[in-house]
Structure formats: structure tokens, C-alpha cells
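This briefing covers one protein model with a ligand. The notes after the structure are grouped by topic.

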Amino acid sequence: MKIMHIDTSAKIAEKSNSRMLGQFFIEQLKIQNVDLDIDYLDLTKDVQPHLTSEFVVATYKPENERTPEMKQVLAESDAMCQRVLDADALVCAMPMYNWTIPATFKTFIDTIIRTGVTYDLFPDGTTKGKLIDKKVLFITTRGADLRAGAFQHMDAMTPVLKASFGFLGVDHPQFVDAQPLQFSDQESRLQALARAKEELTSVAKQWASEL
Ligand SMILES: Cc1cc2nc3c(=O)[nH]c(=O)nc-3n(C[C@H](O)[C@H](O)[C@H](O)COP(=O)(O)O)c2cc1C
């Protein structure tokens, strides 16, 4: 199974719960004897650029009309799209930052949503995503507990992930949300991590059984 494993936490590996949980999931797949080919991407080191006017012009120009300069502008995005298309599964680990996804993951989304590459646009205006056969797991870490209580309505992370990957054809992304990991007592944090590990173990068994 070819997995694109993506990290986004601004923290170093030893201090990051999302990085730890992503690695835990990979280890669980190995325990399930899944033959893995990992394409690792750290979006804090390999930061994708913000959209530019040149990019927008080039991306909407039909491929056969693009100048060499336009092709050059799109080259990095082309390569990232190919990495995504080559994967059987995406494992994306990310902390909640200011109630939504890390900005580095947003620029990644802007990099990989490309007409004619990762989705098709038809003359009648309908679209079809090309990531239709891929498994996608989002491992999110949150300081607060958004399952209930005062912060419940503040989750601007799950909707954006579902919308953008749904557009690319991923109808059923899986989520393991570790929460609360900061704004709580120690016991609740430990329980949150244990719960996340249990869920990740279960997802790994499911993926292994579907091979
Ligand atoms: C800049 C920043 C913004 C954050 N914003 C939120 C937030 O809006 N909601 C929340 O529940 N936690 C928030 N947190 C807490 C992190 O999501 C939480 O500590 C998470 O476990 C960090 O994951 P990591 O250990 O992989 O970096 C924030 C943390 C940082 C550093």
C-alpha cells in the first residue's frame, strides 16, 4: 500500500501529538502486516506557496495553450498532484490552529485542487474528482474538547476538510480527533490520547482487512 503521510504541526517530532499519532498509525499498519511504501511530506519544511496571479492564469488556461512560462509556474503543483494521485491512501496529521486547519495544509489544498489533473470539469459545469478510490484519514489534535460544551460550534476544521476532499472525490474520509489535549486536566488529556490510539488501531485493522 502506497501511503502519502503528511505532517503539519509546527512542533518538533518529540513534542507533537499529531506527529506521534500519525507515526502510531503507520506502526499499527505494520503490525497488521500491511506492506507499506511511504511517501512522507512535512508541510512545515516543504511549504507550498500561496496562490499567485500567474498561477491562477496558468491553471485555467487549457493545457495545449500554456506557454513554457505558464508550465513552469504550474510545475511544482503538477508534481505534488502526481504524488497524491500515485498514493493509495493519504494519512494527514494536523493540529487545530485557531479553530481550523493549519495554513500550511490550506496551501497544500490549493496546490492539489487542479482542473483536469485532480478533478474534471465538464462543459455543463458538473465536476468529478479523481481521488475517488483513495482512503483518506485525517488525524486531528485539538487543545479543547469540541465534542460537546462551549466550543462545540467552533469546529471550522472538519467542514473544510470534508468539502475540499469531497470535491476531489473522497466521499468518506475518516477522522480520528484527539481532544482535549491542552485545555483540560491531565487525566482528560491522557484519556483523549488513549481514545485516539484505540480508534487508530481499529482503522489500521479495517484498512488491512480491505486489502
Ligand atoms: C497557534 C496555535 C493555535 C491553536 N488554536 C487552537 C484552537 O483554535 N482550538 C483548539 O482546540 N486548540 C488550539 N491549539 C492547541 C493545539 O491544537 C493542540 O495543542 C494540539 O494538540 C497541538 O498538536 P501538536 O502537538 O501536534 O502540535 C492551538 C495551538 C497553537 C500552537
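**Pro159 and the basis of the values**

Pro159 lies in helix α5; helices (H or I, at least four residues) and strands (E, at least two) are DSSP runs, numbered from the N terminus. This is a predicted model, in which local features need pLDDT of at least 70 and side-chain atom pairs count only at pLDDT 80 or more, while totals for chains, interfaces and linings use all residues. Residues are numbered from 1 along each chain as its sequence is written, and side-chain values use heavy atoms, with hydrogens and water left out.

**Helix α5**

- Pro159 counts as partly exposed because its relative accessibility is 46%; buried means under 20% relative accessible area, exposed over 50%, and partly exposed in between (1.4 Å probe, protein chains only).
- The C-alpha atoms of Pro159 and Arg66 are separated by 34 Å, and the two residues are 93 residues apart along the chain.
- Ser164 also lies in helix α5, and counts as buried because its relative accessibility is 9%.
- The side chain of Ser164 reaches the backbone oxygen of Val160 at 2.6 Å; a polar contact is a pair of N or O atoms within 3.5 Å, where within protein one must be able to donate a hydrogen and the other to accept it, and residues adjacent in sequence count only if both atoms are side-chain atoms.
- With neighbours within four places in sequence left aside, Ser164 is in contact (heavy atoms within 4.5 Å) with Ile109 and Ile113.

**Nonpolar cores**

- The largest nonpolar core has 29 residues, of which Met4, Phe105, Phe108, Phe138 and Phe165 touch the most other members; such a core is a set of buried Ala, Val, Leu, Ile, Met, Phe, Trp, Tyr and Cys residues joined through side-chain atoms within 4.5 Å.
- Two or more residues of this core come from each of β1 (2–7), α3 (68–86), β3 (89–95), α4 (103–112), β6 (135–141) and α5 (158–167).
- Helix α4 gives the largest share of this core, 4 residues.
- A second, separate core has 23 residues, including Ile26, Leu29, Ile139 and Leu193.
- Apart from neighbours within four places in sequence, Phe108 is in contact with Met4, Ile6, Leu41, Leu43, Gln48, Met80 and Val84.

**Ligand surroundings**

- The ligand is surrounded by 18 residues, of which Ser9, Ser16, Ser18, Met96 and Gln182 are the closest; a residue counts here if one of its heavy atoms lies within 4 Å of the molecule.
- An oxygen atom of the ligand lies 2.6 Å from a polar side-chain atom of Ser9.
- The side chain of Gln182 has an N or O atom 2.6 Å from an oxygen atom of the ligand.
- For Thr141, the distance from a side-chain N or O atom to an oxygen atom of the ligand is 2.9 Å.
- Ser9 is found in the loop between β1 and α1, and counts as buried because its relative accessibility is 4%.
- The side chain of Ser9 also reaches the backbone nitrogen of Lys11, at 3.0 Å.
- Not counting residues up to four places away in sequence, Ser9 touches Ser16, Ser18, Arg19, Thr44, Pro95 and Tyr97.

**Helix α6**

- Helix α6 (residues 186–209) has 24 residues and should span 34 Å at 1.5 Å a residue, which agrees with the 35 Å between its end C-alpha atoms; the expected span is 1.5 Å times one less than the number of residues.
- At the start of α6, the backbone nitrogen of Glu187 is within 3.2 Å of a side-chain oxygen of Asp185.
- Among the buried residues of α6 are Leu193, Leu200, Val203 and Trp207.
- The buried residues of α6 pack against β1, α1 (17–31), β3, β6 and β7 (174–178).
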